[in-house]
Amino acid sequence: MTEPVWGYLARSSGLVARVLVVLSLVWGILLATRVLRPNDRPAWLLDLHRWFGWLALTMVGLHLVGLAIDGYVDFGWAELLVPGVSRHEPLGVALGVLSFWALLAVQLTSVIRRRLPRALWYRVHLLSYGMVLGSTLHAGMAGTDVTSPPYRILALLLTIVAVGAVLI
């Protein structure tokens, strides 16, 4: 593959991950609040919520691989996995790293949910709100597409959807 392909992989997978974390947040809130009752189906909402979360984690993994291989910014694994190590947009990248770890914690604790105290699982799951905010700020501060009008429209729509869901 040519080098620009890795940059496209990093950018597109990061963008898809943002869409998926917002969708997972929305489906989780719909499930928790049951605002669509009596027309909702909780098992279906839970399945979609989990599916979006795992797909988001997969896309973040592709995002990290693309960044590590792409030559545009010299990212090593330390810069991608340790907050505050990156010299390129240090705050923006740190927010992305923290958001990744929060997403991973939420997903992994959900796998072992039945073995955890409910209060612990719930507190870890609350990281989702910060993760969505952190990933949004990460994209705005460290992303390379922020000047693109279609990206700005999508970012605004995702923000409106996430804030609207949280206000429920």
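Biologist: At what angle do helix α4 and helix α5 pack, and how far apart are their axes?

Modeller: Two packed helices are described by the angle between their axes and by the distance between those axes. In this predicted model, helix α4, residues 90-111, packs against helix α5, residues 118-125, at an angle of about 155°, and their axes are 9 Å apart.

Biologist: How are α4 and α5 oriented to each other, roughly parallel or roughly antiparallel?

Modeller: An angle over 145 degrees counts as roughly antiparallel. The two helices, α4 and α5, are therefore roughly antiparallel to each other. Their crossing is left-handed.

Biologist: Which residues make the contact?

Modeller: Helix α4 contributes Ala105, Val106, Thr109 and Ser110, while α5 contributes Trp121, Val124 and His125. Sorted by class, this contact of α4 with α5 has four nonpolar residues, three polar residues and no charged ones.

Biologist: Let us turn to the whole protein. How many helices and strands are there?

Modeller: The protein has seven helices and zero strands. Read from the N terminus, its elements follow the order α-α-α-α-α-α-α.

Biologist: How compact is the protein for its length?

Modeller: The radius of gyration is compared with the value from the globule rule. Here the radius is 16 Å, close to the 15 Å given by that rule for 168 residues, so the protein is as compact as a globular protein of that length. Along the principal axes, the C-alpha atoms fill a box of roughly 50 × 35 × 30 Å.

Biologist: What share of the residues counts as buried?

Modeller: Residues with under 20% relative accessible area count as buried. Of the 168 residues of the protein, 38% are in that class.

Key
Residues numbered from 1 in each chain as written. Predicted model: local features only at pLDDT ≥ 70, side-chain atom pairs only at ≥ 80, totals over all residues. Heavy atoms only, no water. Axes fitted to C-alpha atoms, helices over the stretch in contact; angles between N-to-C directions. Helix = DSSP H or I, 4+ residues; strand = E, 2+ residues; numbered from the N terminus. Parallel < 35°, antiparallel > 145°, perpendicular 65-115°, else oblique. Left-handed = near helix turned anticlockwise from the far one by under 90°. Contact = heavy atoms within 4.5 Å. Nonpolar A, V, L, I, M, F, W, Y, C, P; charged D, E, K, R; others polar. Rg over C-alpha atoms; globule rule 2.2 N^0.38 Å. Buried < 20%, exposed > 50% of the residue type's maximum accessible area, 1.4 Å probe, protein only.
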